[in-house]
Amino acid sequence: MVSCKPKKSTYLSLGLVVVILFSGLSFLLYDFYANRDFPFWFYLLGSSIVTVVLLLVLVKMMAGFKFLAAGKDKIEIWLPLKGQRRKYAVMDILAWQEEEVKANQRVFKQLILVFSDKYSFSISNHEHLGYDGLKKYLVKKVSKKRVKG
């Protein structure tokens, strides 16, 4: 049985960034309320930028919070924030592909699975545990459906 779940370290570091951004936004708003040491445009621009970055990080966290379990010729996908649980037979995979991206002298890999109902699911080695086990499982069970990139 192969289990892919989000890395705790990734969510801990993103959570720390969210706390820092929220603290900065709170400081800006409190300083505007209490002191007004800076011009109005500074508070307006600063709080807008911090809010947008905060929302982008939160969306990134929510989009990456997904689980996959594979074994006994079945694949189960669980997206807790959407409240979805999908179960597929391994033969329901239409195609799968591994992509590699080089950034900052590191290689990031991503598996993309496409199922018979046209649902696609991606999982990366940078954000999830069990990536290598899932790749070995797919090579073993459905190697003919691999798309060479």
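**Exercise 1. How many aromatic pairs does the rule below give?**

The count comes to ten aromatic pairs. The rule takes rings of Phe, Tyr and Trp (its six-membered ring) as paired if their centres lie within 6.5 Å; planes under 30 degrees apart count as stacked, over 60 as edge-to-face and the rest as tilted. One of them joins Phe38 and Phe42, with 4.7 Å centre to centre and 40° between the planes, a tilted pair.

This is a predicted model, where local features need pLDDT of at least 70 and side-chain atom pairs count only at pLDDT 80 or more, while totals for chains, interfaces and linings use all residues. Residues are numbered from 1 along each chain as its sequence is written, and side-chain values use heavy atoms, leaving out hydrogens and water.

**Exercise 2. Why is the pair of Phe38 and Tyr43 edge-to-face?**

Start with the distance: the ring centres of Phe38 and Tyr43 are 6.0 Å apart. Next, take the angle: their planes stand at 65°, so the pair is edge-to-face.

**Exercise 3. Is Tyr43 buried or exposed?**

Recall the cut-offs: buried means under 20% relative accessible area, exposed over 50%, and partly exposed in between (1.4 Å probe, protein chains only). Tyr43 has 4% relative accessibility, so Tyr43 counts as buried.

**Exercise 4. Which residues do ring pairs link into a cluster?**

The cluster holds Phe32, Phe38, Phe40, Trp41, Phe42 and Tyr43.
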